[in-house]
There are 2 protein chains.
Amino acid sequence: MSITAKIDGVAVTTQANVYFDGKCVSHGIQFADGTKKSVGVILPAALTFNTGAPEIMEGVAGQCRVRLKGTDGKPGEWKTYGAGESFSVPGNSSFDIEVAGEPYHYICHFG
Amino acid sequence: MSITAKIDGVAVTTQANVYFDGKCVSHGIQFADGTKKSVGVILPAALTFNTGAPEIMEGVAGQCRVRLKGTDGKPGEWKTYGAGESFSVPGNSSFDIEVAGEPYHYICHFG
C-alpha cells in the first residue's frame with residue numbers, strides 16, 4: 001500500500017475541472033506518451049459520478065465510501081478505500097461516493 | 001494578453017491544498033530546476049489571503065476583484081482581473097479577493 005505523492009514529467013492543464021459546485025475539483029495531467037490522468041479532491045459530500053471510459057481511482061489522502069453500480073443495474077455494496085488503495089469503475093457505468101470529515105484526494109487513471 | 005492553458009515538464013503533487021473549506025483548491029507543481037508554482041481555482045466567495053513569499057497570480061479563466069493591503073496597512077482600491085491578466089502581491093502582506101458567478105482559475109508564481 002504505497003502512496004503516490006508526486007507524478008513526474010507531466011503537462012498540467014491550468015484550468016481545473018469543477019464538479020458539483022466545487023465538491024470535486026481536479027486538474028488534468030498529460031504524460032509525454034499522450035496518456036491522460038487527473039489529480040483531484042472530493043470534499044465532504046455524497047456524490048454520484050457517471051463514467052464514460054473505465055476509470056481507476058487511486059487514493060492519495062483521506063478516505064471514501066464507494067458503491068459501484070452492479071452489472072444488473074442495481075447498486076452494489078459499500079466499500080471503504082483510503083490512501084494507497086484503488087478501486088476500478090467500468091466504462092459507461094456510475095458509482096456513488098461518500099466523503100466525510102477530511103477531503104479525499106485521488107489520482108484518476110483512465111482506460 | 002495570452003492565456004497559459006498548459007504547463008509542461010513539471011512534477012505535480014497529488015494531494016491538493018484545500019483552503020477555506022474548499023472555496024480555494026490548488027495543486028502544487030515543481031519544475032526541473034526546483035521552481036515551485038501552483039495551479040488553483042477559487043469558487044464564488046469573498047476571501048482574504050495572507051502571503052509569506054511574494055506572489056504573482058496569473059488568471060487563466062474567469063475573473064476576480066482584488067484589493068491589496070496598502071503599504072500603510074490600509075486596504076487599497078478594488079481592481080478586476082481576468083484570464084490572461086496578472087497581479088502581484090508583496091510578501092508578508094495580504095489581499096482580499098472576491099469571485100462571483102464562475103470560478104476563477106489561476107497560476108500562482110512565487111518569489
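Begin by selecting E7(A) and strand E10 (residues 94–99) of chain A: these two pair in the antiparallel sense over 4 bridges. Strands here are DSSP runs labelled E of at least two residues, helices are runs labelled H or I of at least four residues, and both are numbered from the N terminus. Two strands count as paired if DSSP finds at least two bridges between them. Within this pair, show A:Arg67, which stands opposite A:Asp96 in E10(A).

A word on what is on your screen: this is a predicted model, in which local features need pLDDT of at least 70 and side-chain atom pairs count only at pLDDT 80 or more, while totals for chains, interfaces and linings use all residues. Residues are numbered from 1 along each chain as its sequence is written, chains are lettered from A and ligands numbered from 1 in the order in which they are written, and side-chain values use heavy atoms, with hydrogens and water left out.

Over all chains, the count of salt bridges is 4.

Stay with A:Arg65 and bring in strand E8 (residues 79–81) of chain A. Strand E7 (residues 64–68) of chain A runs antiparallel to it, joined by 3 bridges, and the bridge partner of A:Arg65 in E8(A) is A:Thr80.

Now zoom out to the whole of chain A. It has 0 helices and 11 strands. Its C-alpha trace spans about 40 × 30 × 30 Å along the principal axes.

Then select both chains. How many residues of chain B are in contact with chain A? There are 29, and they meet 29 residues of chain A, contact meaning heavy atoms within 4.5 Å. The area buried between the two is about 2,200 Å², with carbon and sulfur atoms giving 63%; this is the accessible area (1.4 Å probe) lost on putting the two parts together, summed over both. On the chain B side, colour B:Lys6, B:Val12 and B:Thr14, which lose the most area to chain A, together 26% of what that side buries. Between chain B and chain A the count is 0 salt bridges.

For the last stop, select E1 in each chain. E1(B) gives the most to the side of chain B that touches chain A, with 8 residues. Strand E1 (residues 6–13) of chain A pairs with E1(B) in the antiparallel sense over 5 bridges, and there A:Val10 stands opposite B:Val10.

Conventions: Salt bridge = Lys/Arg side-chain N within 4 Å of Asp/Glu carboxyl O.
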